[in-house]
Protein chains: 2
Amino acid sequence: MIKTKTKLFISLLLPLFVMSCQQLNDTTTASSASMATVQTGLRATGDLGLVIERATGQVKVVNHSNKDSLAEIDGLGDLSHASIVYSRDQRFGYVFGRDGGLTKVDLLKSKIDKRVIQSGNSIGGAISQDGKFVAVSNYTPGGVKIFASDTLELVADIPATELVNHPRNKDGSIKRSKVVGLVDAPGQKFVFSLFDSHEIWIADLSKPEIELTKYTDIGLNPYDALISPDGRYYIAGLFGENGMALLDLWSPEQGVKRILDGYGKGEKKLPVYKMPHLEGWAMAGNFAYVPAVGLHQVLIIDTQTWQQVGAIDVHGQPVFVMAQPDNRQVWVNFAFPLNDTIQVIDTKNQSLIKTLTPGPGVLHMEFTPRGEHVWMSVRDSNEIQIYNSQNFELLKKLPAQSPSGIFFTNRAHQIGL
Amino acid sequence: MIKTKTKLFISLLLPLFVMSCQQLNDTTTASSASMATVQTGLRATGDLGLVIERATGQVKVVNHSNKDSLAEIDGLGDLSHASIVYSRDQRFGYVFGRDGGLTKVDLLKSKIDKRVIQSGNSIGGAISQDGKFVAVSNYTPGGVKIFASDTLELVADIPATELVNHPRNKDGSIKRSKVVGLVDAPGQKFVFSLFDSHEIWIADLSKPEIELTKYTDIGLNPYDALISPDGRYYIAGLFGENGMALLDLWSPEQGVKRILDGYGKGEKKLPVYKMPHLEGWAMAGNFAYVPAVGLHQVLIIDTQTWQQVGAIDVHGQPVFVMAQPDNRQVWVNFAFPLNDTIQVIDTKNQSLIKTLTPGPGVLHMEFTPRGEHVWMSVRDSNEIQIYNSQNFELLKKLPAQSPSGIFFTNRAHQIGL
């Protein structure tokens, strides 16, 4: 739609202006070179991320605009099942290691800012709504520890329920319940589940004194949990029985309800480490897309009634079931030995539309903030693969040492992530 | 209703390239001074924002973690009705001025990076899903111009429909329809409405050639529009008749439907500048909270059926009706002369829970990304007020020159913002 006259007129002027722009660029690069330190520091944080490199105890700093790797940071300890949350300004990532290590990584300086070993054995954490507190859920000693997000000083220790009838710890102390499924919730709250004592607790940090609300007998052995993207529903999976435990945080006085009584029913018991990840639930519109237990199915749940309304047959036992930011697609990866494959569900027709085979050990996926690309960890081929979510084209591969979790900084602004 | 498809080739038009070079020249010479700012320390971009200072043609760079003001940037021209979108990395804000000015502001250097005058009279814009393109909707000449987000070079010009029966422009050229309600949509699309020719157009930039889809006879004089937070529904308000025009972007072949036939019915016609802002729609769960036209009410719409299911009496004619990120609260401001007041609706009970009187001329509100605070422009007392959304405590006041729009950088990661 160019008018020919304009085109001709311009092409005459073009060389002159190109020259002036060229000169301008030269002077600019010259001046910036003389301030190299400043220039390397001059990095925005909205399109960054960290990738867990489990085998080497490293994290890789990545940029999802340029689809490249900026730096490697090591010394993070045991990163199996590691997860990450981000500071409010998206400058710092808090890496929760399996060995109880809590590491604060600086994405602007590409180095570790602080690191503490806060327990013997931990399983994930969360950051408070206002970004001031980082909470870690621990197996041993069982409980939740809360740290100041800037200094990593311990500001609160919430020991879990004592297990009086259990054998004591080696040091003679009484065992406490393992804590799992720790998430942040609106109103400056943390919510978590106690595996051995069958409880859900809410820690309210909105006032100077932390207020604890405890729900007991919520169902046998909650092993993991999730919070809906709007922060309203906390849902714990039960290892000891069928169904799930639901807490409506808008009506906490109503207590914990049992939902999805059929969930897991009749299935051969899986070892707990083979139970589906619940953070992998995709909530799209009025439906939740849920990995079945021990079945090659993704279940469709109506989030108004919390009843199962459908099931989609898939390639294997689903592990992560992740919704595209616009909820149009749900991407699914699978448990060993079928973990070389990804399948994509169209939520409009609630049917499979694509099968990809990225390679051995597809452990995790992460959408870019507006969902145009998907990053994928392919552990056993030591690479990250980046796909276009619209036409499924493989856009780029990045080398990585046994990559697992991929976490982009936009999580800083999302409830429950 | 006719639906036609036409194709446009992305092309480089140079007059703007020339202007941006000259502008680049100016700002670069100025920039060495502001390098001092850069050297003082690293700055992340996740908790920053820009506040429009209409009277002085300035924007204020703010930080919502520290609740403070970092810098003032001037030279942005006429900022009445100005709006802002952000680059993918959250480093740059694109300010759409009323005078046709498009200004790219660098939040790390606190200075103008580039500025072009791209039309005589414009009304907002959007940034593409992948962050590569910035689109501006123009009144004169009527149409949409699309720029490369990095260089602000014009890459496509989409003139609006010619108005053959209207008086010509001063220069003798044929008038074209004003373009309003421009938003970005998933799949690398822009969607916008043509006020004078009663159309909705979709521009698809996912391939090298732009594909235009045009919906005609969608209703008289669409004056503004919105897109649902998931990017599925595009809804245009009609100035020339009652009701609204709905396009389901998941089923574009179904065309534009009429919804809410009662909307605006029986009300005394308002001048167009007094019609409620549609970006002010709050979508919470299955309900949309919508400013009534010429009534002191917020209407409750069921987004499954698009029928009105309720109404909440409020203090005045609502202007912006904004949902908290967790959808628990909806905050409402009002048209002159009742614009000194804010009311808060609890979406659980769908009832008013709080009335605040911040002062004269409360023009705009912005929630922090996870919703713990609300920032408010109080134009006529020349200040920004910051509230705790949980207990409604006034936390801080910041001086500002006739502040209007407040835009935080987390918008970079949200569809339609």
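**Strands and pairs in chain A**

The accessible surface of chain A in this predicted model is about 16700 Å², and carbon and sulfur atoms hold 53% of that area.

Reader: What makes a residue of chain A count as buried, and what share of the residues does?
Author: The cut-off is a relative accessible area under 20%. Of the 417 residues in chain A, 58% count as buried.

Reader: What makes up chain A, in helices and strands?
Author: Two helices and 32 strands.

Reader: How do you know what share of the contacts joins residues at least 24 apart?
Author: A contact needs heavy atoms within 4.5 Å. Take the contacts in chain A between residues at least 6 apart in sequence. Of these, 41% join residues at least 24 apart.

Reader: Why are strands 12 and 15 of chain A said to stand at the edges?
Author: The open sheet has four strands in the order 12-13-14-15, with antiparallel pairing. Strand 12 (179-185) and strand 15 (211-215) each have a single partner strand, so one side of each lacks a neighbour in the sheet. Neighbouring strands here are turned by 20° against each other on average, direction ignored.

Reader: How do you know that strand 12 of chain A pairs with strand 13 of chain A?
Author: Pairing needs at least two bridges. Strands 12 and 13 (residues 189-194) of chain A have five, in the antiparallel sense. That meets the cut-off, so they count as a pair. Across this pair, A:Asp184 stands opposite A:Phe190 of strand 13.

Reader: Why is strand 22 of chain A called mostly covered?
Author: Count its buried residues. Strand 22 spans residues 297-302, and five of its six residues are buried. Each of those five has under 20% relative accessible area, so the strand is called mostly covered.

Reader: What makes strands 21 and 23 of chain A partners of strand 22?
Author: Bridges again. Strand 21 (residues 287-291) pairs with strand 22 over five bridges, in the antiparallel sense. Six bridges join strand 22 to strand 23 (residues 307-313), also antiparallel. At least two are needed, so both count as pairs. A:Pro291 stands opposite A:Val298 in strand 22. A:Ile301 has A:Gln308 of strand 23 as its bridge partner.

Reader: Which residues take a positive phi in these hairpins?
Author: In the hairpin of strands 21 and 22 of chain A, with five residues between the strands, A:Gly294 has a positive phi near 70°. In the hairpin of strands 22 and 23 of chain A, with four residues between the strands, A:Trp306 has one near 60°.

Reader: What holds paired strands together?
Author: Strands of a sheet pair through backbone hydrogen bonds, either parallel or antiparallel.

Terms used. Residues are numbered from 1 along each chain as its sequence is written. Chains are lettered from A and ligands numbered from 1 in the order in which they are written. This is a predicted model: local features need pLDDT of at least 70, side-chain atom pairs count only at pLDDT 80 or more; totals for chains, interfaces and linings use all residues. Side-chain values use heavy atoms; hydrogens and water are left out. Buried means under 20% relative accessible area, exposed over 50%, partly exposed in between (1.4 Å probe, protein chains only). Accessible areas come from the Shrake-Rupley method with a 1.4 Å probe; for residues, only the protein chains shown count as cover. Axes are lines fitted to C-alpha atoms, for helices over the stretch in contact, and angles run from 0 to 180 degrees between N-to-C directions.
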